[in-house]
Amino acid sequence: MLRKLLILGVFAGSSASFPILYQANPDVFQRLLKSIVSPDDKLAISNIELNVIRPTLPAAEQTPGRKVLIKVGPHGHFNGEFRLNGRRVDAIVDTGATLVAINRSMARQIGIPITAQDFKYTVNTANGKARAASATIARLQIGRITIEDVKTVVLEDSALTGTLIGASFLNRLAKYQVENGALLLVQ
């Protein structure tokens, strides 16, 4: 009897983890499903959608695939942990900013070489006018969302202390919107 309960427990635990594993890796499950089917059935498999009952998880984890929810921070900003050229960076999403904005130190840290001669533009910031350089971030990521070749403005360290994620990233998403006190990003 104890052995049957143990087997039942293992079966229940593994079946309960299937939806979580599917949410984290939907592409893996689709490839696995396609590899099991014969070549004649592959056309039919492309139209199959798996319906998974999602467990109740915090909002940031309820978004499968290429969606990210960023909760509003204590100061009313949407702060998130991004990766710029593979380096972790805490940044504020600024829907009013035209471009992603980083400072010179951050540019150096993520491998963008900037010289004094590159600062040939003048931009208006919340703190007034500042000298700026144009650059491109090779890869900007948050969660499972990845955008490549993102236009960026680099400011002197005195003009910008943090990192701002602006429209040059946001406009390349399928959508972004505020919903239920969080910013939803969808690729």
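Buried means under 20% relative accessible area, exposed over 50% and partly exposed in between, using a 1.4 Å probe and protein chains only. This is a predicted model, where local features need pLDDT of at least 70, side-chain atom pairs count only at pLDDT 80 or more, and totals for chains, interfaces and linings use all residues. Residues are numbered from 1 along each chain as its sequence is written, and side-chain values use heavy atoms, leaving out hydrogens and water.

View 1. The structure holds one aromatic pair (ring centres of Phe, Tyr or the six-membered ring of Trp within 6.5 Å; planes under 30 degrees apart are stacked, over 60 edge-to-face, the rest tilted). Because F82 belongs to strand β2 (residues 78–84) and F169 to helix α5 (residues 167–170), the pair ties together parts 87 residues apart in sequence. Helices (H or I, at least four residues) and strands (E, at least two) are DSSP runs, numbered from the N terminus. F169 is buried, at 0% relative accessible area, and F82 is buried at 0% too.

**View 2. Here is the largest nonpolar core.** Such a core is a set of buried Ala, Val, Leu, Ile, Met, Phe, Trp, Tyr and Cys residues joined through side-chain atoms within 4.5 Å.

**View 3. Now look at T163, in the loop between β7 (145–155) and β8 (164–165).** T163 counts as buried at 6% relative accessibility. Leaving out residues up to four places away in sequence, T163 touches (heavy atoms within 4.5 Å) several residues, including L84, V89 and M106.
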